[in-house]
Amino acid sequence: MHQLIVSPYNGTFLVARPGIRAGMRLPRTRYNELAALADSGRPVPEWLVEGARKAWDLDLTATPFRNAVLVRPQTPLGYGRATWEINKGCNFNCEHCYLAERKFEGLPWDGKARLLRLLRDAGVLWLQFTGGEPLIDRDFVDAYVLAYDSGMLSRS
């Protein structure tokens, strides 16, 4: 499971830690260095070990790169953020809310997985789940895990 995500973002390069707002900017040369290490068993470079320690109090000393860091490739589209209405359903019936009028609809799992892969391939780093009520979607947990495993920072 990755502890850091290295990703192109809006013409720059970032190191992000899931669940933490703060990140680090990287020059292209450092991004390229990390991209060359992707999936390797070599240790995390010392400069990144030190940066992770300073930024997040995270100790990556002697940690194999592939166990700690997910490097996302550059994409021709380069999108950075997306919002996805995973369903239109809601478990509330607020008088002022228009959502109670909508049917609980959403894509089947195959469509959701395909959409998440398209968002990943478009370069989306930050993905916001909305709805209706995203947490009542039967596929929410699987969608959230797939987004995380794909290197997207998600929130709902």
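Which strands does helix 1 (residues 28–37) lie across? In this predicted model, helix 1 lies across strand 1 (4–9), strand 2, strand 3 and strand 4, and runs at about 100 degrees to strand 3.

The four strands form an open sheet in the order 3-2-1-4, and their pairing is mixed. Strand 3 (23–26) and strand 4 (69–71) are the edge strands; each has a single partner strand, so one side of each is left without a neighbour in the sheet. From one strand to the next, the twist averages 25 degrees.

Let's look at one pairing in detail. Strand 2 (residues 12–16) and strand 3 run antiparallel and are joined by four bridges. Val-15 has its bridge partner in strand 3, namely Met-24.

## The largest core

The largest nonpolar core has 20 residues, and Leu-4 and Val-69 are the ones that touch the most other members. Strand 1, strand 2, strand 3, helix 1, helix 2, helix 3 (65–68) and strand 4 each give two or more residues to this core. Helix 2 gives the most, with four residues.

What does Leu-4 touch, leaving out residues up to four places away in sequence? Its contacts include Val-15, Ala-16, Arg-17 and Pro-18. Leu-48, Ala-52 and Trp-56 are also among them, as are Leu-58, Leu-60, Ala-68, Val-69 and Leu-70.

There is also a second, separate core of 12 residues, which includes Trp-84, Leu-116, Ala-147 and Met-152. We will come back to Trp-84 below.

## Between helix 2 and helix 3

Two residues of the loop between helix 2 and helix 3 deserve a visit. One of them is Leu-60, which is buried with a relative accessible area of 0%. Beyond residues up to four places away in sequence, Leu-60 touches Gln-3, Leu-4, Val-44, Val-49, Ala-52 and Ala-68. Leu-60 and Pro-45 are 15 residues apart in sequence, and their C-alpha atoms are 9.2 Å apart in space.

Thr-63 lies in that loop between helix 2 and helix 3 as well. Is Thr-63 buried or exposed? At 16% relative accessibility, Thr-63 counts as buried, because the cut-off for buried is under 20%. Setting aside its neighbours within four places in sequence, Thr-63 is in contact with Arg-42, Pro-43, Val-44 and Ala-68.

## Aromatic rings

How many aromatic pairs does the structure hold? There are six. In one of them, the rings of Trp-84 and Phe-129 have centres 5.5 Å apart and planes at 45 degrees, so this pair is tilted. The pair links distant parts of the chain, with Trp-84 in strand 5 (residues 81–85) and Phe-129 in strand 6 (residues 126–130), 45 residues apart.

Another pair joins Phe-140 and Tyr-144, whose ring centres are 5.7 Å apart and whose planes are at 45 degrees, so this pair is tilted. Phe-140 and Tyr-144 are four residues apart in helix 5, which separates them by about one helical turn. Ring pairs link Trp-84, Phe-129, Phe-140 and Tyr-144 into a cluster. Here is how these residues are classed by relative accessibility:

| Residue | Relative accessible area | Class |
|---|---|---|
| Trp-84 | 8% | buried |
| Phe-129 | 1% | buried |
| Phe-140 | 10% | buried |
| Tyr-144 | 31% | partly exposed |

## Helix 5

Phe-140 also brings us to helix 5 (residues 140–149), where Phe-140, Ala-143, Ala-147 and Tyr-148 are buried.

After helix 5 comes Gly-151, whose phi is positive, near 85 degrees.

Notes
Residues numbered from 1 in each chain as written. Predicted model: local features only at pLDDT ≥ 70, side-chain atom pairs only at ≥ 80, totals over all residues. Heavy atoms only, no water. Buried < 20%, exposed > 50% of the residue type's maximum accessible area, 1.4 Å probe, protein only. Pairing = 2+ DSSP bridges. Axes fitted to C-alpha atoms, helices over the stretch in contact; angles between N-to-C directions. Contact = heavy atoms within 4.5 Å. Core = buried A, V, L, I, M, F, W, Y, C linked by side-chain atoms within 4.5 Å. Phe/Tyr/Trp six-rings, centres within 6.5 Å; stacked < 30°, edge-to-face > 60°.
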